[in-house]
Amino acid sequence: MGLKNIILFASLCLPAIIFSQETEEEIVYIEETDHKVSYPNRITARAYYVNTSNSIILKDRFSDLFFNLEPNKQNRIGASVSFRGLSASYSFAPDFLAENEDNEHSRLFNFSLRNFFGKHFMQTFDIFNEKGFYLKLNNDDAISVYLPNTNNFKIGGATSYIWNENFSFRAITSQDEKQLKSTGSFIPRIVYYYTKFNLEGESGTDGSYIDSSYYSFDIAFAPSYYYNFVPTKNLLLSAGASAGIGLNRSKSEGEDPLVTLLTELNFRGSATYDIDNLYLGAHYSYLILNHAADRTSRIKDNIPYFQIFVGYRFKAPKSLVQFADKMEGKLNEEIDKIKS
């Protein structure tokens, strides 16, 4: 597992446990409306198992031929901490999980950050860094080659506006809110990603070596709709999807930049069981970015994501609550000055 990973994992979990020892009666820990409960002064901590990757499919426009660049996938465990809508997480791939046994020369780093602003705005930020890919022809495992030095870097996220104040996205993602009544919301989003892909490896029978880079920038307007279904007091089932359109700007070494139409599809589902301050559940999502690579081929950029988690809400210490209140007060003052 490694001492470094153990320390990073513990650094996310231990503060929440330590903070829970301090209680202040004057601090409001629960705010409730007819549709949801929020926990403004609680720290929500969780441990999780996750499987995610970023694969690329290059397809010929005039035939059924396509190449699949699929990373050497890894199962990961990690931890996350959320407070006042700000979430951070860290995960790593331990050697004792079966799928990680052949990952000696591969790497996957994924960092996610989510923040909520006021009642409506949500900001997500993601980083993917992968090394070690399988190049497959028509997704046939028998016609494949492993490229240990091929790597992919992706950074980006989305800015979203949650239309319905009664709908809780936090109940899905960070569990610092709890949905009490079934409701849905239209959520328009702006999605943006920058990708750098380096293809390295032997080209085949002639033994020549390929070292080529591909750069891509995506931006799309992606309206979405999500629905939170509450069949019982402690169970939440959620599902949603988005379909977007935008532009992609891509460039390969030795070629001019190309600007083409981009389409975006995203599907998401989750289930959460929440009793008192203990919660557990699972998430699944699949993001597809589709655009032309050149006049004869198209690229489909895929990011599947699956997570199982268990967590607990701890009371935040008075010092942390006061600091957060002070920062929010300054932010509101600046917003008022801009409005005036």
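I take buried to mean under 20% relative accessible area, exposed over 50%, and partly exposed in between, with a 1.4 Å probe and protein chains only. By that rule, 45% of the 340 residues of the chain count as buried.

The model is predicted: local features need pLDDT of at least 70, side-chain atom pairs count only at pLDDT 80 or more, and totals for chains, interfaces and linings use all residues. Residues are numbered from 1 along each chain as its sequence is written, and side-chain values use heavy atoms, with hydrogens and water left out.

**Entry: the whole chain.** I looked up the secondary structure, with helices (H or I, at least four residues) and strands (E, at least two) taken as DSSP runs numbered from the N terminus. The chain has three helices and 19 strands. I then looked up contacts, meaning heavy atoms within 4.5 Å. Of the contacts with a separation of 6 or more, 67% are between residues 24 or more positions apart. For the surface I used the Shrake-Rupley method with a 1.4 Å probe; for residues, only the protein chains shown count as cover. The accessible surface is about 17,500 Å², and carbon and sulfur atoms hold 60% of it.

**Entry: strand β9.** Two strands pair if DSSP finds at least two bridges between them. Strand β9 (residues 121–137) runs antiparallel to β5 (residues 66–71), with five bridges. I found leucine 69 bridged to leucine 135 of β9. Strand β8 (residues 107–117) also pairs with β9 in the antiparallel sense, over eleven bridges. There, arginine 107 has lysine 131 as its bridge partner. Three residues lie between the strands of the β8 and β9 hairpin, where glycine 118 takes a positive phi near 65 degrees.

**Entry: a three-strand sheet.** I noted an open, antiparallel sheet in the order β1-β2-β11. β1 (31–32) and β11 (177–179) are at the edges with a single partner strand each, so one side of each has no neighbour in the sheet. Two bridges join β1 to β2 (residues 36–38), and glutamate 31 stands opposite serine 38 in β2.

**Entry: nonpolar cores.** A nonpolar core is a set of buried Ala, Val, Leu, Ile, Met, Phe, Trp, Tyr and Cys residues joined through side-chain atoms within 4.5 Å. Which residues belong to the largest one? I listed ten: Phe128, Ala158, Val191, Tyr193, Ala220, Ala222, Leu262, Leu287, Leu289 and Ile303. At least two residues of this core come from β13 (189–202), and at least two from β18 (278–292). Apart from this core lies another of eight residues, including Phe116, Phe169, Ile172 and Ile187.
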